[in-house]
Amino acid sequence: MLTAVILTPLLGSLIVALLGRLSAKVARVLALLASLASFGVVIAAVATSSGSQAASGAAQWWMLTMDGIAAPLLLLTGFLGVIAVLAARSETRSPAAHYALLLAVQASVSGVFLAGNLVLFYAFWEAVLIPMYFIIGIWGAENRRHAAMKFFIYTFAGSALMLVGLIIAMFQGNAFAMGDLLSTPLSVGLQGPVFWLLSIGFLMKLPVVGLHTWQPDAYTQAPTSGSILLSGVLAKMGAYALLRIAIPIAPAAYDAARPVLVALGIIGIIYGALVALAQSDLKRLIAYSSIAHMGFVVLAIGIGTPLALGAAMLVMISHGLVAGMLFLLAGQLYERTGTYEMSRLGGFGKVLPAWATAFTFAALASLGLPGLSGFPGELAAVLESWGSIGWWTALAALGVVFSAAYNLTAVRRVNHGPVAEEFAGIADLGLAEWLAVAPLAVGIVVVGVWPQFVTGMAEPALRALAAVTGGAL
Amino acid sequence: MSLWLSLSPILLASAGAILGLAFDAFDRRGLAIGVVSAGLLAAGVVSGWLAIVYSPTLINVTNMAVGRGYSAISAVVFLIAAITLVGGSKVLADASTGGQVAVLTALLAAASSLMASTLDLLIVIIALEAIAMISYALVSARRQRRSDEAAMKYFIQGAVATGFALYALSIIFGLFSGSVFLPEIAKSLTGAGRPALVAMALLMGMYAFKLSAFPFHSWAPDAYETATPSVTAFMGTAPKLAILASLMLVFPMIGFSAEEFATSGFFLFALLATASIVFGNFTGLKQTSFTRMLAYSGIAQVGYALVGAAAAFLLPQRTGFAVLVAGLAYAVAAAGAFMGAQAVRSAMPTWDGTVAGLAGVGRKRPALSAALTVMMLSLTGIPLTAGFWGKFLAFGDAATAGHAWLAAVGLLGSVVSFGYYGGVIRSMYLEEPSVVETDSAPAGATPDMKAEWATIVLAVCVLAIGVLPFFYGLSFLSSVLALF
């Protein structure tokens, strides 16, 4: 069953690559069917899995397991896979190859979340890079080649350090199966170097401030479908790996590193929000807001109480949905106007009422309006911080205020004010575009009013993990 | 096992070579190449069969070992020779020296096979000399001024390296052992002290030269760049695997892994590996020519394998496996990369040989570009390709030996290497060919399908070695590559 989660998009990718050459329409339909089938398989796998127990023991290379931390992220991956295919529908440059690569990304990201041992994990982690490199490099905006190369070199540098860490853990510490990491941590002497080597690779992917310089380029130069996957699921791989590998394998080193993680989180929240506030390019604004949201994830992981870890999960899922929706809407606007430059946009509340409503909705979700998905996670993260780091929490709360500022500014600049003449006659969202936007909105509301949907799945795994984390700093 | 059976692969390859020489003398060049290829293929198949069926067996008359790793390395060498010869047959059939090149290729393969299986130090040196002599001839076979110069450079430097080796042999034979048979030498070297260390360093120098490790590398880029790519595809790759195998045989077997030599051996090799990785990668980054870039990156690739060789001094129980996998991965992927260069050259006669000149190949020759991409990813060490396992095992050994810094050096080198390997992928797929070039390209350029297929076959091998261990483990590889 778990193998099918990887195999379905992979087979879909091959089929689309071969048959999709017939015509763009065939490619589109096949890709949509493949992504829907993959999502269906993920749902079935999550529904039938026993949940918390991860496989352990026998030294097999091909070994898949799904625990509670992975399950919601797999659902997110399957869901955003469908959305990304829908977002790419107007792609005219070799659409078959584009869809095939999107499905390949989906297959390899699913592999990262399902890998049952460290070698397989690393293999999938690197495998994600290759299709993504081509998606950015071939279908991106003007500066795509530079952005693709930067994306690859940065994340490959991070993963090379990570591989050094994994090699030390495996060959000197005998760590191998995911399920055994928590019960048999490394010797204390190895923990420090291993934790940091791994974490640099993981934090590069999120990314945290300092390791983030590839991110705005990659997110803005990538085509819409690529941005959705980059921000929606690829960024989550880093946080997942922190929770699933770095902390269990080196709990003592994690404990020592907690203040650093908290500081990185708070810096990310404030830096991301302030730089987002200064952007005039809509897509770049969304990219920097992602740094702020990922800051909450790192902060919550640094706090480490069971509730904080749940908050980290919630922020991850919420950000996947919200950033996906924002990038999707920005892409739809770009198809109509040919620009992301907010000074040239404006007044779309009148011209594109449906689009403008959806954009306002997504912006409100991004700033954390109660009832939408951004709220429960960030609230829980801030509350748990208060119990752990006291007044320093105020800095994180300040970030929430900034996020209201940049989100609402974006809404004001794009939706209100006079319409530029050149954009007066453009058409509002069509049915196919609605089909991509609406499910995201539904997801955002569902996670907003029913956060237990996510935390319930993850709870057993997070409680087991919290036995080695948490407490006052 | 009978003497004849143990010698049969080398005899088959040589028989093909002699028949080929006869056909070539009557100017039947195509036939000559075909016969030589058939001989190599037969030798490869027989070696593969010997590797799977027989455990390592010493043949007393020849001091050769046959079976498992000894035959597996030979099988790889013969098969790569056969594939590159078939792939290059169109170019060779058009060149006046084509028949001779084919014959020399077969002899080079036979010498490499001997190298990987002999337990006699004198024969090691003779085989190395044979490899070197044939390589000079292959480099100059293109009959151009530059290739003559490259061959001369190679020849003179090679003579110095041979001097090292003979000096080492005279120390070992004269001062201590009175024998050239490796297990005999081992007995006499215990407690030998400093003179034995000098011999080890000299032997290492010779191996380093033949492997083109830094600082013994300077002949390689000229030689590889000026030779015909399909020739370099064999000459610059598979013999290195045989030499690595010999290294992993001779050093431990002579007794250099004994406690008194182990630390010095580790540091000598670690230094050689680090220098090769750093130098190869940074100079590779500066190259514009595709084959020259491959030559420099080959220095770094040998460095990765030598990381495993260094660690093997401290871990005698795992001798060689990581080095052999790294060498195998390099040989197959680099052979494919040079073969790909051959295929590109015939598909685009106007190609100037630069990496930037590959722009637009991705669209023109999709299958060939995909195969070349696989080679580049494997050489970088990305998982699901053969190159990953080579690096993973070699660096893993370094970590097990307690020297994780060597693994870190190697992996950071890999990151740098994507700068130029990735540059190839970038050129093929992301860059648009300049307008002038597309206009001036002759419409009737016929792609060399043989070269293209050879590249694709090698790419499939790279993927198979990369993917299958995830399902079946590494036990097949480790049993078939076992040396002792």
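**View 1. B:R426, at 25% relative accessibility, counts as partly exposed.** Welcome to a predicted model, in which local features need pLDDT of at least 70 and side-chain atom pairs count only at pLDDT 80 or more, while totals for chains, interfaces and linings use all residues. Residues are numbered from 1 along each chain as its sequence is written, chains are lettered from A and ligands numbered from 1 in the order in which they are written, and side-chain values use heavy atoms, leaving out hydrogens and water. For accessibility, buried stands for under 20% relative accessible area, exposed for over 50%, and partly exposed for what lies in between (1.4 Å probe, protein chains only). B:E431 is partly exposed too, with a relative accessible area of 22%. The pair forms a salt bridge, and the closest N and O atoms of B:E431 and B:R426 are 3.0 Å apart. Through shared partners, salt bridges join A:R145, B:R426 and B:E431 into one network. The term salt bridge covers a side-chain nitrogen of Lys or Arg within 4 Å of a carboxyl oxygen of Asp or Glu. Side chains of opposite charge can pair when their charged atoms come close.

**View 2. Chain A meets chain B with 28 residues from chain A and 38 residues from chain B.** Contact here is heavy atoms within 4.5 Å. The two chains bury about 3,000 Å² between them, with 83% given by carbon and sulfur atoms. More than any other three residues, A:W61, A:R145 and A:F171 contribute to the area that chain A buries against chain B, supplying 23% of it. Buried area is the accessible area (1.4 Å probe) that two parts lose on being put together, summed over both. One salt bridge is counted between chain A and chain B: A:R145 pairs with B:E431, the closest N and O atoms being 3.6 Å apart. Three residue pairs are in polar contact across this interface, both residues at pLDDT 80 or more. On the side of chain A that touches chain B, α5 (118–139) and α6 (144–172) each supply at least two residues. The largest share of that side, 15 residues, comes from α6(A). By type, its residues divide into 24 nonpolar, two polar and two charged. In this grouping, Ala, Val, Leu, Ile, Met, Phe, Trp, Tyr, Cys and Pro are nonpolar, Asp, Glu, Lys and Arg are charged, and the others, Gly among them, are polar.

**View 3. A:D217 and A:K150 form a salt bridge, with the closest N and O atoms 2.9 Å apart.** A:D217 lies in helix α9 (residues 214–221) of chain A and A:K150 in helix α6 of chain A, so the pair ties together parts that are 67 residues apart in sequence. Helices (H or I, at least four residues) and strands (E, at least two) are DSSP runs, numbered from the N terminus. A:D217 is buried, at 14% relative accessibility.

**View 4. A:R344 and A:E422 form a salt bridge, their closest N and O atoms being 3.3 Å apart.** This pair links distant parts of the chain, 78 residues apart: A:R344 is in the loop between α13 (306–337) and α14 (348–351) of chain A, and A:E422 is in the loop between α17 (393–415) and α18 (431–449) of chain A. A:R344 is partly exposed at 39% relative accessibility, and A:E422 is exposed at 52%.

**View 5. A:H98 sits in helix α4 (residues 95–114) of chain A.** With a relative accessible area of 1%, A:H98 is buried. The side chains of A:H98 and A:S225 are joined by a polar contact of 2.9 Å. A polar contact is a pair of N or O atoms within 3.5 Å; within protein, one must be able to donate a hydrogen and the other to accept it, and residues adjacent in sequence count only if both atoms are side-chain atoms. Not counting residues up to four places away in sequence, A:H98 touches A:A88, A:E91, A:I135, A:W139, A:P223 and A:S225.

**View 6. A:I269 belongs to helix α11 (residues 251–277) of chain A.** A:I269 is buried, at 1% relative accessibility. Beyond residues up to four places away in sequence, A:I269 touches A:A292, A:G295, A:F296, A:L299, A:A396 and A:G399. Another residue to look at is A:I286, in helix α12 (residues 282–303) of chain A, which is buried with a relative accessible area of 2%. Leaving aside neighbours within four places in sequence, A:I286 is in contact with A:L326, A:F327 and A:A330.
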